[in-house]
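Dear colleague,

Please find below the structure that I am handing over to you.

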Amino acid sequence: MRTEDVVLVEREYELNTIDSAIERCAAGAEQLLLVEGAPGLGKTSLMGFLHRRVTESGFRVLTARGQEIEEAFPYGVVRQLFEDWLATASPEERDRLLSGPAKAAAELLEQHAGDAPRTGEAAQHTLFNGLYWLCVRLAEQAPLALSLDDAWRADLPSLRFLRYLAARLDGRPILLALSTDPARLGPQASVIHGIVSHPAARLLRLAPLSERGIAECVRDWLGKVSDPRLASACHQVTGGSPFFLRELIDELSAAESGEGDILSDRVFDVAPPKVMRSVLRQLEALQAPAVALVEAMAVLGTEADLRHSLEVAGIEQPLAAEALGALADSGLLCPEVPPRFVYPIVRTAIYHQLPVSVRSTAHARAARILAADAASLDDIAQHVLRSDVGGCDTAVELLRRAAGKAVGEGRAAVAVTYLTRALHESPSSDEAVDLLTELGRAELRSRMPDALGHLRQALDLSDDPLVRGRIGLDLAAGLMAAARNDEAVRLVDGLRAEVGDLDPDLGMLLDTALIALAQQTPHWRDAAEHSLRRLHEERDRPAGVERILAVDRMAESLRRGEPAARVGELADQALNGAFGDDAFHAHDVSAYLWSQVACTLACCDRLVEADRLLTRAAGDAHESGRVMAVDAHHAVRAWVRCQRGRLAEAEADARQMLDKASEFGLRSSTAVFAVGALIEVHTARNEFGSAKNLLRTYDFDPAIKRSVMYAPVLFARGRLHGAVGDLDAGVEDILHGGQLLESEEVPGPALLYAADAAILLHRAGRTERAQRLVAELTGRARHFGAPRLLASALRAEALMAMPGPAVGCLEEAAELLTDTDALLDYATVLVDLGAALRRRDRLTQARRRLNSGLQIAQDCGAWRLVKTARSELSAMGVRVRVVEAGADSLTVQERRVADLAAEGVSNREIAGALFVTVKTVEWHLNRAYRKLSITSRHELAEALAVRQAKLS
């Protein structure tokens, strides 16, 4: 579709009516058509369609158009109608047609344009009669069509003649068509009304395009667009006006050429040049008060209060009614209360034609007026943003209040915009500290790396120890997220000394931050131990300090290798009443302790409780806007869920954390849990290329690689190496990770992965070392008492044993895992057990175990294990159907995203609804497309409907 064809969309009735009138006229019946509509609705295009049709049908066509410049020239339109015929007709034809009763028309048509025709009623009647007979004689040669566009701008004598002609068309093959604007007033309107009221007149009233019609135009002109809101935005901005839509689409196409998809947000700021020129012509015809008022309304926005508009315009109330009436008559405003722009695109055009200095002054005035009237802080802030620096004397105060409101509503990025602008207002030194602190905190909530510089500036400007301590906590959280732990420890250590005993709660938070940071930084470990000893020695300890010490007792129990039951008891003590301690939840630093407790619970095979703890902590952190804590909890929860075999949910958590961290350039040590979990997920799914890409993408800081925090990535990488056959590299990674944990005296997790190292050693032919490792592992696992740990040792022992003993070990391992939540571990043991039973020719039992393992693995989405189980069953002659494609293979999160996308929800809106990033949404959609064998969101609804139909 060409953009010029936009105006003929949803005009089927009008086009059919025109075609019908042409057919009747060609058959000898007179026709009178009137096209009525507001400017921009396509009257001229319909008249052009009529012109093409009558020309194709062999009509003689006379056309004219009313123009403002010719209104004062009598019979100007009549001359337009006949001038083409006069220019092409031979002298003989002119003489013949302009003879007899038509001779009276010759005097007018052969005059020069500036000559005045004779006046008086008798002379006018004679002229009208002559023109009428000229039309009759022209129609005798071929059907005649007279077309007048914009009739309301025609001169009065010409309109009176057309009314005269309309009344005498009976039985003549003449088609008279006029277009007009029903909102126009004056003497022309009265004459046109007389034509409209003729019994033979067929009135075509044009309506604005519907949103559906606009969607058709946008789709046909721009092709497929990714933003489903684009058509709705175009409809909202243009009000369904084909003219405005055409200009808008042309402007969008030109501006966005080669830059990707056009987004709906862009539509509201576009002011096409032709629209601006059209609006300027309308403004030139208005009095100064009306212009001032409409410009003030354009500055204030589409929902402006009339009182505020009058104040910004500087218009007294008595002049308001006349100005509003003029604006309504001109078609700029709706004649209703409160007044609104007929078309929002007109408001944009008026706004953009204002000089920058005028706009800035108007915005500053608007901000003061709205503030005095206690209007919305966001509305006030938007005007301050658009005013010059210094233009509003209360700008800093207003922007800070608006930023505080935005942060409270979870719109930290908006707050960053407000506070950045406030800094340009040259605030005082005290104001600067507050502004920089608030800006840095808002940037942290938005994961913007500029937060670190602004918080550092605030810290340097302040000399108050308590203020510096609070700023330092935020800065430390940001430094830790940027993997700058060494710098963060030095900062917190110094600030803790400054705060001393001035504020116990603040001191407790600084202690927590120092311990958390120092324990992740090897050469600062002594500082953590020193802080813990000092806290143990304090007598009147706050609840938060008691909790720090309880977590330390739990960690110490795990380091000493005490049984899992005892470690779990101490974890319960650390959690007792934890979420009622408001002071402890006041900052991101608390996230480290919850992560430590969750990991300990996971080591004790209390995976469900670890998951619930992190879910509760993440929800609490999200409600209070502590995004660093939210990221940490999602990262560790991804690792926990991976241990549970909930691969899809682990992937969602990991991607949410990693997408946000990479988007803003911040990368914390807790990201290793997310990376490790995601590598494990890809390995379990046989997606080795994706796992290797992750390792290349997330190359952590050398200090993190040397610390115990890097162990999850080493274990995951080791399993990946083993899966692709690089056995030596796999053993090296797993043992290295175990050494890091052993060096920190955290043997539990190391033992769990030692079984994998033993299996890889056996596969590599180093069975003797593997057996020594398993023997040591089994004894320590039985002492610790965690089912998963002992089951992993038994599985490793079984895989190195003969089929007979192997079955016994694997049956014991399966029994241990039956009541745990480690589904993938359980499925792995069942598949190994089934394989061992098959080799012993116990086929019925083997089949039962293999089918059970296959079903669990398939539920987890562990396609690598599914493939192994399927191979074992195939070796027994069992045919297996595995769903790895189609709607049934979608994970829970993939299905949620796909369902919303199929409903037309944008990626950004889906991200907001599911509390994930846009990148995560795109990831899930791409996976869904692959499984559903489709290529775009436009095919989603049908693909999902097919699955629903099958279920029905």
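In this predicted model, the side chains of R644 and D821 form a salt bridge, with N and O 2.1 Å apart. R644 belongs to helix α32, whereas D821 sits in the loop between α42 (803-817) and α43 (823-839), so the pair ties together parts that are 177 residues apart in sequence. R644 is buried, at 8% relative accessible area, while D821 is partly exposed, at 21%.

Both residues belong to a network of salt bridges that also includes D611, R637, R641, R646, E649 and D653. Within this network, R641 pairs with D653, their closest N and O atoms being 3.2 Å apart. This pair joins helix α32 (residues 627-644) to helix α33 (residues 647-663). R641 counts as buried because its relative accessibility is 11%, under the 20% limit; D653 is also buried, at 4%.

A further salt bridge connects R685 and E651 (2.9 Å, N to O). R685 lies in the loop between α34 (671-684) and α35 (688-697), and E651 in helix α33, 34 residues apart. R685 is buried at 5% relative accessibility, and E651 at 0%. The whole structure holds 60 salt bridges.

As for the nonpolar residues, the largest core has 159 members, of which V640, L658, V672, F673, F700 and L789 touch the most others. A second, separate core of 93 residues includes L33, L41, V312 and V346. L41 is also touched by A207, a partly exposed residue at 40% relative accessibility in the loop between β5 (201-205) and α9 (211-222).

Yours sincerely

Conventions
Residues numbered from 1 in each chain as written. Predicted model: local features only at pLDDT ≥ 70, side-chain atom pairs only at ≥ 80, totals over all residues. Heavy atoms only, no water. Core = buried A, V, L, I, M, F, W, Y, C linked by side-chain atoms within 4.5 Å. Buried < 20%, exposed > 50% of the residue type's maximum accessible area, 1.4 Å probe, protein only. Helix = DSSP H or I, 4+ residues; strand = E, 2+ residues; numbered from the N terminus. Contact = heavy atoms within 4.5 Å. Salt bridge = Lys/Arg side-chain N within 4 Å of Asp/Glu carboxyl O. Lists of a residue's contacts leave out its neighbours within four places in sequence.
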